[in-house]
Amino acid sequence: MLKNLFATHPIQASPHVDAGELPHDSLEGEASLKRVLTARHLVTLGVGAVIGAGIFVITGQAAAEHAGPALIISFIVAGIACAFAGLCYAEFAAMIPVSGSAYAYSYATLGEIVAWFIGWNLVLEYLFAVATVAAGWSGYFNECLSILGHWTGLSLALPDYLSTAPLKFTDTHQIVTTGALINLPAVLIVSGLTWLCYVGITQSTFVNSLIVTIKVVVIALFLIFAFRFINPANWHPFIPPEEGPGRFGTSGIFRAAVLVFFSYVGFDAVSTAAGEAKNPQRDMPIGILGSLAICTVLYIAMALTLTGIAPYYKLGTPEPVATALSLYPQLNWLKAIVSFGALAGLSSVILVMLLGTSRIFFSMAKDGLLPKGMSRVHAKHRTPHVATIIGGVAALVIAGLFPVSILGELVSMGTLLAFTTVCIGVLILRYTRPELPRSFRVPGIWFVSVAGSVICLYLFWQSFRANWPLMLGWTTIGMLIYAIYGYSHSKLRKQNS
């Protein structure tokens with residue numbers, strides 16, 4: 001039984017993508033995913049997923065509750081961990097160009113039970129990321145309605161009971177009600193973008209490219225025009241005195257690093273699209289590392305500017321950038337642009353995360369670990385339509401019921417575990433399958449792999465200490481599903497037997 005649990009997927013030593021040679025391709029006669037994505041598409045997918053909630057939502061919460069102006073250090077720590085993980089992802093994605101991201105890589109190196117554990121955490125990462133960003137989108141949507149109402153003299157903003165989460169977690173991890181009914185804007189945006197994912201990858205990437213252009217322009221406008229309002233006094237004290245574990249001080253910097261780690265999950269989403277890349281051996285490393293480099297620079301600049309124009313303790317709102325700009329009446333025009341730009345920016349994050357969710361479900365179902373229906377590909381649209389619908393419905397339920405704060409930390413925890421596994425797996429595969437062609441090789445593999453996994457595990461532990469009941473509960477549910485369904489339906493186990 002132990003041997004079955006750690007059975008690994010075979011990897012064909014082929015430098016090209018040929019149907020039938022890779023573990024998750026469709027069988028003859030079935031519709032398959034459409035390989036249409038270029039390096040430019042992959043970079044915009046990464047930027048689309050990375051630049052969004054991190055800048056427009058999570059940054060303010062991390063500064064107000066954990067790090068203060070030292071948030072810049074938190075972004076650097078998270079960025080270093082992501083750089084190590086990104087290098088490892090790039091080697092894997094070029095060598096095993098299939099949908100599934102860290103799940104597929106774990107299956108090829110560490111075995112089925114580890115792959116299931118990572119895949120289940122990727123489901124956590126993507127589903128809860130969609131819900132987190134949708135909750136932030138709702139805040140900016142209401143802000144935009146307020147702006148339009150001010151211009152027209154009408155009362156357009158939605159009441160709290162239709163625009164906030166009806167449930168929240170207490171410090172003792174109990175669920176209590178808030179008096180709201182549902183976060184309606186969050187439900188509607190997830191529904192609309194799920195439909196877009198359903199109709200095709202080409203349409204989805206086209207819309208994403210347009211949105212990415214809009215939000216990069218908006219961020220550039222904010223950085224340019226807000227720069228002259230920076231007050232260095234807002235950066236003092238740079239590291240606020242510690243008020244408790246994970247709240248300011250040095251521990252707050254690392255706790256904030258876990259939270260802002262959520263901001264970087266986009267380059268992981270790039271790897272889930274490997275099964276739809278035209279030339280994955282060349283384009284996947286460009287997409288992963290290119291989007292990571294662009295976004296890290298923008299995050300650092302944004303964190304410096306945001307904490308420079310507003311006291312950090314005022315930024316703990318669902319729309320912190322708009323909150324900071326509201327302190328300067330002469331920047332009301334920019335506040336309106338940022339609010340509308342944030343809607344676009346957060347929309348692209350939701351879109352890419354929904355794509356990632358469906359591709360993870362698709363890959364796990366292809367292996368028999370989830371019901372077969374989730375591996376079906378639409379004959380016309382060439383998308384995993386069943387997996388898309390299931391992922392979208394689950395995400396909109398979570399988005400409509402739960403708040404931003406707890407969702408963001410759980411996403412980061414799932415991401416950190418996936419990154420750790422990829423860092424370890426790429427080192428293992430160097431020694432177990434040295435003959436495999438690698439169009440991209442991680443430089444200094446021992447240092448990058450070990451340092452990346454150690455940093456990711458350390459950051460995971462910072463959040464796990466506070467959220468261990470939720471993480472263990474999620475893991476327990478996943479292992480029960482595997483024990484009841486996945487183990488007995490595994491295609492690899494049937495082939496081996």
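Helix α8 is followed by Gly200, whose phi is positive, near 155°. The structure is a predicted model, in which local features need pLDDT of at least 70 and side-chain atom pairs count only at pLDDT 80 or more, while totals for chains, interfaces and linings use all residues. Residues are numbered from 1 along each chain as its sequence is written, and side-chain values use heavy atoms, with hydrogens and water left out.

The protein has 18 helices and two strands; helices (H or I, at least four residues) and strands (E, at least two) are DSSP runs, numbered from the N terminus. Contact means heavy atoms within 4.5 Å. Of the contacts in the protein with a separation of 6 or more, 80% are accounted for by residues 24 or more positions apart.

Helix α8 covers residues 184-199 and has 16 residues. From its first C-alpha to its last it reaches 23 Å, close to the 22 Å expected at 1.5 Å a residue; the expected span is 1.5 Å times one less than the number of residues. The buried residues of α8 include Pro185, Ala186, Ile189, Val190, Leu193 and Cys197.

Helix α9 (201-226) contains two residues that were examined individually. Lys215, in α9, is buried, with a relative accessible area of 0%. Leaving aside neighbours within four places in sequence, Lys215 is in contact with Val47, Gly48, Ile51, Gly52, Gly341, Gly345, Ser348 and Val349. Leu223 also lies in α9 and counts as buried at 19% relative accessibility. With neighbours within four places again set aside, Leu223 is in contact with Ala301, Met302 and Thr305. Leu223 and Leu298 are 75 residues apart in sequence, and their C-alpha atoms are 9.4 Å apart in space.

The loop between α9 and α10 holds Pro237 and Phe248. The peptide bond from His236 to Pro237 is cis, with omega near -5°. Phe248 has a phi near 65°, a positive value in a residue other than glycine. Most residues other than glycine have a negative phi, and most peptide bonds are trans. Phe248 is buried, with a relative accessible area of 2%.

Helix α10 comprises the 13 residues 249-261. At 1.5 Å a residue, α10 should span 18 Å, and its end C-alpha atoms are 19 Å apart, which agrees. Ten of the 13 residues are buried, so α10 is largely enclosed by the rest of the structure. Among these buried residues are Gly249, Gly252, Ile253, Arg255 and Phe261.

Helix α14 (residues 332-366) packs against several helices, including α2 (residues 39-50). Axes are lines fitted to C-alpha atoms, for helices over the stretch in contact, and angles run from 0 to 180 degrees between N-to-C directions. Angles under 35 degrees count as roughly parallel, over 145 as roughly antiparallel, 65 to 115 as roughly perpendicular and the rest as oblique. A crossing is left-handed if the near helix is turned anticlockwise from the far one by less than a right angle, and right-handed if clockwise.

The axes of α2 and α14 come within 7 Å and cross at roughly 115°. That makes α2 roughly perpendicular to α14, and the crossing is left-handed. Leu45, Gly48 and Ala49 of α2 make the contact with Gly345, Ser348, Val349, Val352, Met353 and Leu355 of α14. By class, this contact has six nonpolar, three polar and no charged residues; Ala, Val, Leu, Ile, Met, Phe, Trp, Tyr, Cys and Pro count as nonpolar, Asp, Glu, Lys and Arg as charged, and the others, Gly among them, as polar.Helix α15 (residues 385-401) packs with α14 at an angle of about 125°, the axes being 8 Å apart. The two helices are therefore oblique to each other, with a right-handed crossing. In α14, Leu354, Thr357, Ser358, Arg359, Phe361 and Phe362 meet Ala387, Thr388, Ile390, Gly391, Gly392 and Ala395 of α15. The residues of this contact divide into six nonpolar, five polar and one charged.

Helix α6 (residues 112-152) and α14 pack at an angle of about 160°, with axes 8 Å apart. That makes α6 roughly antiparallel to α14. The crossing of α6 and α14 is left-handed, and the residues of their contact divide into 29 nonpolar, six polar and two charged.

Technical notes. Buried means under 20% relative accessible area, exposed over 50%, partly exposed in between (1.4 Å probe, protein chains only).
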